[in-house]
Amino acid sequence: MPLVTTTEMFKKAYEGGYAVGAFNVNNMEIVQGIVDAAKEEQSPLILQVSAGARKYAKHIYLVKLVEAALEDSNLPIALHLDHGDSFEICKDCVDGGFTSVMIDASHYDFDENVKITKQVVEYAHAHGVVVEAELGRLAGVEDDVNVSDADARFTDPEQAAEFVHLTGVDSLAIAIGTSHGAYKFKGDPYLDFDRLKKVGELLPNFPIVLHGASSVLPEFVAKCNEFGGNIPGAQGVPEEMLRKAAQMAVCKINIDTDLRLAMTASVREYLAQNPSEFDPRKYLGPARDAIKGMVAHKIKNVLGSSNKL
(Lines give C-alpha, C1' and ligand atoms only; values in the text may rest on other atoms or scores of the structure.)
Protein backbone atom coordinates (compact mmCIF):
# COMPACT_ATOMS: atom_id res chain seq x y z
CA MET A 1 0.00 0.00 0.00
CA PRO A 2 1.44 3.44 -0.92
CA LEU A 3 1.34 6.49 1.33
CA VAL A 4 -2.05 8.22 1.25
CA THR A 5 -3.18 11.82 1.59
CA THR A 6 -5.45 12.90 4.42
CA THR A 7 -8.42 13.74 2.17
CA GLU A 8 -10.38 10.51 2.59
CA MET A 9 -9.26 10.13 6.21
CA PHE A 10 -10.68 13.52 7.15
CA LYS A 11 -13.92 13.02 5.24
CA LYS A 12 -14.61 9.81 7.16
CA ALA A 13 -13.49 11.34 10.46
CA TYR A 14 -15.77 14.37 10.06
CA GLU A 15 -18.75 12.19 9.25
CA GLY A 16 -17.92 9.71 12.02
CA GLY A 17 -17.29 12.17 14.85
CA TYR A 18 -13.70 11.15 15.53
CA ALA A 19 -10.21 12.50 14.81
CA VAL A 20 -7.09 11.00 13.26
CA GLY A 21 -3.97 11.12 15.39
CA ALA A 22 -0.94 12.92 13.95
CA PHE A 23 2.09 11.65 15.83
CA ASN A 24 5.54 13.21 15.52
CA VAL A 25 8.35 10.81 14.64
CA ASN A 26 12.11 11.18 15.14
CA ASN A 27 13.59 7.68 15.14
CA MET A 28 12.86 3.99 14.52
CA GLU A 29 11.49 3.09 17.96
CA ILE A 30 8.99 5.95 17.90
CA VAL A 31 7.77 4.95 14.43
CA GLN A 32 7.45 1.29 15.45
CA GLY A 33 5.59 2.01 18.69
CA ILE A 34 3.06 4.28 16.97
CA VAL A 35 2.50 1.99 13.97
CA ASP A 36 2.18 -1.16 16.09
CA ALA A 37 -0.52 0.54 18.17
CA ALA A 38 -2.41 1.75 15.09
CA LYS A 39 -2.24 -1.73 13.54
CA GLU A 40 -3.57 -3.31 16.73
CA GLU A 41 -6.39 -0.77 16.89
CA GLN A 42 -7.03 -0.82 13.13
CA SER A 43 -6.81 2.96 12.98
CA PRO A 44 -5.86 5.35 10.18
CA LEU A 45 -2.64 7.18 10.96
CA ILE A 46 -0.69 10.34 10.23
CA LEU A 47 3.05 10.26 10.89
CA GLN A 48 4.44 13.76 10.94
CA VAL A 49 7.93 15.14 10.74
CA SER A 50 8.94 18.54 12.06
CA ALA A 51 11.74 20.72 10.75
CA GLY A 52 13.65 19.74 13.90
CA ALA A 53 13.18 16.05 13.15
CA ARG A 54 14.50 16.53 9.61
CA LYS A 55 17.61 18.20 11.04
CA TYR A 56 18.06 15.44 13.61
CA ALA A 57 17.43 12.29 11.57
CA LYS A 58 17.67 13.53 7.95
CA HIS A 59 14.76 13.56 5.53
CA ILE A 60 15.72 10.35 3.73
CA TYR A 61 16.03 8.23 6.89
CA LEU A 62 12.60 9.31 8.11
CA VAL A 63 10.97 8.67 4.72
CA LYS A 64 12.53 5.19 4.53
CA LEU A 65 11.39 4.38 8.08
CA VAL A 66 7.83 5.35 7.17
CA GLU A 67 8.02 3.30 3.96
CA ALA A 68 9.12 0.31 6.06
CA ALA A 69 6.18 0.91 8.41
CA LEU A 70 3.82 0.90 5.43
CA GLU A 71 5.17 -2.40 4.19
CA ASP A 72 5.11 -3.93 7.66
CA SER A 73 1.61 -2.77 8.67
CA ASN A 74 -0.38 -2.37 5.44
CA LEU A 75 -2.16 0.56 7.12
CA PRO A 76 -3.32 3.76 5.39
CA ILE A 77 -0.58 6.17 6.50
CA ALA A 78 -0.10 9.80 5.52
CA LEU A 79 3.36 11.35 5.84
CA HIS A 80 3.02 14.98 6.89
CA LEU A 81 5.39 17.92 7.34
CA ASP A 82 4.64 19.62 10.65
CA HIS A 83 5.21 23.40 10.91
CA GLY A 84 6.98 24.07 7.64
CA ASP A 85 7.83 27.76 7.91
CA SER A 86 8.63 28.51 4.26
CA PHE A 87 7.67 27.64 0.72
CA GLU A 88 11.13 26.07 0.26
CA ILE A 89 10.81 23.46 3.03
CA CYS A 90 7.28 22.58 1.87
CA LYS A 91 8.55 22.16 -1.70
CA ASP A 92 11.40 19.93 -0.48
CA CYS A 93 8.92 17.67 1.29
CA VAL A 94 6.48 17.59 -1.65
CA ASP A 95 9.37 16.67 -3.94
CA GLY A 96 10.73 14.22 -1.35
CA GLY A 97 7.73 11.93 -1.03
CA PHE A 98 5.49 13.51 1.62
CA THR A 99 1.75 13.29 0.95
CA SER A 100 0.79 16.24 3.16
CA VAL A 101 2.57 19.44 4.18
CA MET A 102 1.85 22.18 6.65
CA ILE A 103 2.80 25.73 5.82
CA ASP A 104 2.88 27.73 9.03
CA ALA A 105 2.97 31.40 8.08
CA SER A 106 0.90 32.38 11.12
CA HIS A 107 3.70 34.65 12.38
CA TYR A 108 3.02 36.95 9.41
CA ASP A 109 0.04 39.26 9.02
CA PHE A 110 -3.12 37.92 7.39
CA ASP A 111 -2.34 39.05 3.83
CA GLU A 112 1.21 37.65 3.87
CA ASN A 113 -0.04 34.39 5.41
CA VAL A 114 -2.57 34.11 2.57
CA LYS A 115 0.07 34.86 -0.05
CA ILE A 116 2.60 32.26 1.19
CA THR A 117 -0.06 29.63 1.86
CA LYS A 118 -1.54 30.07 -1.60
CA GLN A 119 1.89 29.60 -3.16
CA VAL A 120 2.36 26.32 -1.28
CA VAL A 121 -1.17 25.15 -2.13
CA GLU A 122 -0.62 25.75 -5.84
CA TYR A 123 2.65 23.80 -5.89
CA ALA A 124 1.47 20.96 -3.64
CA HIS A 125 -1.87 20.44 -5.42
CA ALA A 126 -0.07 20.27 -8.76
CA HIS A 127 1.86 17.31 -7.31
CA GLY A 128 -1.09 15.55 -5.64
CA VAL A 129 -0.17 16.68 -2.11
CA VAL A 130 -2.57 18.23 0.41
CA VAL A 131 -1.85 21.31 2.51
CA GLU A 132 -2.55 22.34 6.10
CA ALA A 133 -2.13 25.95 7.18
CA GLU A 134 -2.44 27.83 10.46
CA LEU A 135 -4.37 30.92 11.50
CA GLY A 136 -3.96 32.26 15.02
CA ARG A 137 -0.88 31.48 17.11
CA LEU A 138 -0.34 28.89 19.84
CA ALA A 139 1.87 29.77 22.78
CA GLY A 140 4.61 27.45 23.99
CA VAL A 141 7.83 25.81 22.87
CA GLU A 142 8.26 22.68 20.79
CA ASP A 143 11.10 21.98 18.36
CA ASP A 144 11.60 25.13 16.27
CA VAL A 145 8.30 26.70 17.42
CA ASN A 146 8.66 29.26 20.22
CA VAL A 147 5.77 31.67 20.84
CA SER A 148 5.42 33.78 23.97
CA ASP A 149 2.08 34.13 25.78
CA ALA A 150 2.02 37.76 24.70
CA ASP A 151 2.27 36.81 21.03
CA ALA A 152 -0.31 34.03 21.19
CA ARG A 153 -3.74 34.81 19.76
CA PHE A 154 -6.99 32.95 19.21
CA THR A 155 -8.30 32.39 15.70
CA ASP A 156 -11.09 34.66 14.46
CA PRO A 157 -13.80 32.42 12.92
CA GLU A 158 -14.81 34.91 10.21
CA GLN A 159 -11.18 35.36 9.25
CA ALA A 160 -10.71 31.57 9.16
CA ALA A 161 -13.53 31.21 6.64
CA GLU A 162 -12.08 33.99 4.50
CA PHE A 163 -8.59 32.44 4.72
CA VAL A 164 -9.78 29.03 3.50
CA HIS A 165 -11.70 30.65 0.64
CA LEU A 166 -8.71 32.74 -0.46
CA THR A 167 -6.05 30.01 -0.23
CA GLY A 168 -7.79 26.77 -1.21
CA VAL A 169 -6.06 25.05 1.72
CA ASP A 170 -7.22 21.50 2.60
CA SER A 171 -7.24 21.78 6.41
CA LEU A 172 -6.66 24.53 8.96
CA ALA A 173 -4.98 24.58 12.36
CA ILE A 174 -6.70 27.03 14.67
CA ALA A 175 -5.93 28.44 18.10
CA ILE A 176 -8.66 27.83 20.70
CA GLY A 177 -6.52 27.45 23.84
CA THR A 178 -4.08 24.60 23.27
CA SER A 179 -0.33 25.29 23.31
CA HIS A 180 2.96 23.60 22.51
CA GLY A 181 5.10 21.78 25.06
CA ALA A 182 4.45 20.33 28.52
CA TYR A 183 3.22 23.51 30.26
CA LYS A 184 -0.04 24.31 28.51
CA PHE A 185 -2.05 26.02 31.25
CA LYS A 186 -1.11 28.16 34.22
CA GLY A 187 -4.57 27.84 35.75
CA ASP A 188 -7.57 25.69 34.92
CA PRO A 189 -7.50 24.12 31.43
CA TYR A 190 -9.72 25.93 28.94
CA LEU A 191 -10.65 25.38 25.30
CA ASP A 192 -12.93 27.82 23.50
CA PHE A 193 -15.56 25.41 22.17
CA ASP A 194 -17.87 28.28 21.16
CA ARG A 195 -15.14 29.53 18.84
CA LEU A 196 -14.66 26.01 17.43
CA LYS A 197 -18.43 25.67 16.91
CA LYS A 198 -18.53 28.97 15.04
CA VAL A 199 -15.65 27.90 12.78
CA GLY A 200 -17.52 24.65 12.06
CA GLU A 201 -20.66 26.56 11.12
CA LEU A 202 -18.80 28.93 8.78
CA LEU A 203 -16.77 26.08 7.24
CA PRO A 204 -19.15 23.10 7.09
CA ASN A 205 -17.49 19.71 6.55
CA PHE A 206 -14.06 21.36 6.55
CA PRO A 207 -11.35 19.60 8.61
CA ILE A 208 -9.96 21.57 11.54
CA VAL A 209 -6.65 20.70 13.22
CA LEU A 210 -5.61 21.01 16.87
CA HIS A 211 -1.92 21.56 17.53
CA GLY A 212 -0.40 21.41 21.01
CA ALA A 213 -2.91 18.75 22.01
CA SER A 214 -0.89 16.40 24.21
CA SER A 215 -2.49 15.62 27.56
CA VAL A 216 0.85 15.46 29.41
CA LEU A 217 -0.29 12.28 31.13
CA PRO A 218 0.45 12.56 34.88
CA GLU A 219 1.79 9.00 35.19
CA PHE A 220 4.62 9.76 32.75
CA VAL A 221 5.46 13.07 34.40
CA ALA A 222 5.50 11.35 37.82
CA LYS A 223 7.74 8.55 36.53
CA CYS A 224 10.16 11.02 34.94
CA ASN A 225 10.39 12.93 38.21
CA GLU A 226 10.68 9.74 40.30
CA PHE A 227 13.70 8.58 38.35
CA GLY A 228 15.73 11.77 38.28
CA GLY A 229 13.69 14.10 36.08
CA ASN A 230 12.72 17.67 36.86
CA ILE A 231 9.37 18.49 35.25
CA PRO A 232 7.40 20.31 37.97
CA GLY A 233 3.91 21.62 37.26
CA ALA A 234 3.56 20.15 33.77
CA GLN A 235 -0.06 20.24 32.60
CA GLY A 236 -1.71 19.27 29.30
CA VAL A 237 -5.13 19.30 27.66
CA PRO A 238 -7.61 17.06 29.49
CA GLU A 239 -8.52 14.09 27.36
CA GLU A 240 -12.27 14.64 27.67
CA MET A 241 -11.81 18.09 26.09
CA LEU A 242 -9.95 16.55 23.15
CA ARG A 243 -12.66 13.92 22.73
CA LYS A 244 -15.29 16.67 22.63
CA ALA A 245 -13.30 18.59 20.00
CA ALA A 246 -13.01 15.41 17.91
CA GLN A 247 -16.80 15.11 17.93
CA MET A 248 -17.04 18.62 16.49
CA ALA A 249 -15.05 19.98 13.52
CA VAL A 250 -11.62 18.71 14.60
CA CYS A 251 -10.40 15.88 12.35
CA LYS A 252 -6.67 15.88 13.19
CA ILE A 253 -5.14 16.04 16.65
CA ASN A 254 -1.37 16.51 16.95
CA ILE A 255 0.48 14.57 19.65
CA ASP A 256 4.20 14.97 20.31
CA THR A 257 4.92 15.85 23.95
CA ASP A 258 3.13 12.73 25.21
CA LEU A 259 5.39 10.58 23.00
CA ARG A 260 8.49 12.26 24.43
CA LEU A 261 7.29 11.85 28.00
CA ALA A 262 6.33 8.17 27.55
CA MET A 263 9.70 7.38 26.00
CA THR A 264 11.79 9.38 28.46
CA ALA A 265 9.95 8.07 31.53
CA SER A 266 10.59 4.50 30.40
CA VAL A 267 14.26 5.11 29.63
CA ARG A 268 14.82 6.88 32.96
CA GLU A 269 13.15 4.05 34.88
CA TYR A 270 15.13 1.32 33.14
CA LEU A 271 18.53 3.00 33.54
CA ALA A 272 17.86 3.86 37.19
CA GLN A 273 16.92 0.26 37.94
CA ASN A 274 19.71 -1.25 35.80
CA PRO A 275 22.74 1.00 36.35
CA SER A 276 25.21 -1.52 34.89
CA GLU A 277 23.32 -1.84 31.58
CA PHE A 278 24.64 -0.06 28.49
CA ASP A 279 22.96 -1.89 25.60
CA PRO A 280 20.62 0.67 23.98
CA ARG A 281 18.25 -2.10 22.91
CA LYS A 282 17.58 -2.93 26.55
CA TYR A 283 16.16 0.52 27.33
CA LEU A 284 14.82 1.52 23.91
CA GLY A 285 12.76 -1.69 23.65
CA PRO A 286 10.67 -0.87 26.76
CA ALA A 287 10.48 2.76 25.58
CA ARG A 288 8.98 1.56 22.30
CA ASP A 289 6.46 -0.50 24.28
CA ALA A 290 5.56 2.54 26.38
CA ILE A 291 4.87 4.55 23.23
CA LYS A 292 2.75 1.73 21.82
CA GLY A 293 0.61 1.57 24.97
CA MET A 294 0.15 5.33 25.14
CA VAL A 295 -0.78 5.63 21.44
CA ALA A 296 -3.25 2.73 21.68
CA HIS A 297 -4.88 4.53 24.62
CA LYS A 298 -5.12 7.76 22.62
CA ILE A 299 -6.64 5.99 19.60
CA LYS A 300 -9.27 4.21 21.69
CA ASN A 301 -10.20 6.78 24.31
CA VAL A 302 -9.33 10.21 22.94
CA LEU A 303 -9.35 10.15 19.15
CA GLY A 304 -12.10 7.55 18.79
CA SER A 305 -10.44 6.16 15.63
CA SER A 306 -10.29 2.46 16.56
CA ASN A 307 -11.67 0.17 13.85
CA LYS A 308 -12.16 3.06 11.42
CA LEU A 309 -10.23 1.71 8.44
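Which residues are exposed on the other side of α9? They are Pro 218 and Glu 226, where exposed denotes over 50% relative accessible area, buried under 20% and partly exposed the range in between (1.4 Å probe, protein chains only). The model is predicted: local features need pLDDT of at least 70, side-chain atom pairs count only at pLDDT 80 or more, and totals for chains, interfaces and linings use all residues. Residues are numbered from 1 along each chain as its sequence is written, and side-chain values use heavy atoms, with hydrogens and water left out. Helices (H or I, at least four residues) and strands (E, at least two) are DSSP runs numbered from the N terminus.

**Helices with one buried face**

- In helix α9 (residues 218-226), the buried residues are Phe 220, Val 221 and Cys 224. Viewed down the axis of α9, these buried residues fall within an arc of 100 degrees, so they line one face of the helix; the arc is that of the directions from the helix axis to the C-beta atoms.
- The buried residues of α9 pack against α11 (257-273) and α12 (280-303), contact meaning heavy atoms within 4.5 Å.
- Helix α1 (residues 7-16) has Met 9, Phe 10 and Ala 13 buried. Down the axis of α1, its buried residues fall within an arc of 90 degrees, so they line one face of the helix.
- The packing partners of the buried α1 residues are β1 (20-24), β2 (45-50), β3 (77-84), β8 (171-174) and β10 (250-255).
- An α-helix has 3.6 residues a turn, so residues three or four places apart point the same way.

**Packing of α6 and α7**

- The axes of helix α6 (residues 110-126) and helix α7 (residues 157-167) come within 9 Å and cross at roughly 40 degrees. Axes are lines fitted to C-alpha atoms, for helices over the stretch in contact, and angles run from 0 to 180 degrees between N-to-C directions.
- From α6, the contact is made by Phe 110, Asn 113, Val 114, Thr 117, Lys 118 and Val 121, and from α7 by Gln 159, Glu 162, Phe 163, Leu 166 and Thr 167.
- Ala 126 belongs to helix α6 and counts as exposed at 62% relative accessibility.

**Buried polar and charged side chains**

- Ser 100 lies in strand β4 (residues 100-103) and is buried, with a relative accessible area of 3%.
- The side chains of Ser 100 and His 80 are joined by a polar contact of 2.7 Å. A polar contact is a pair of N or O atoms within 3.5 Å; within protein, one must be able to donate a hydrogen and the other to accept it, and residues adjacent in sequence count only if both atoms are side-chain atoms.
- Glu 41, in helix α2 (residues 28-41), is buried with a relative accessible area of 10%.
- Leaving aside neighbours within four places in sequence, Glu 41 is in contact with Ala 296, Ile 299, Lys 300, Ser 306 and Asn 307.

**Positive phi values**

- Asn 205 is not a glycine, yet has a positive phi of about 65 degrees. Asn 205 lies in the loop between α8 (193-202) and β9 (208-210) and is exposed at 61% relative accessibility.
- Val 216 has a positive phi near 50 degrees. Val 216 is placed in the loop between β9 and α9 and is buried, with a relative accessible area of 3%.
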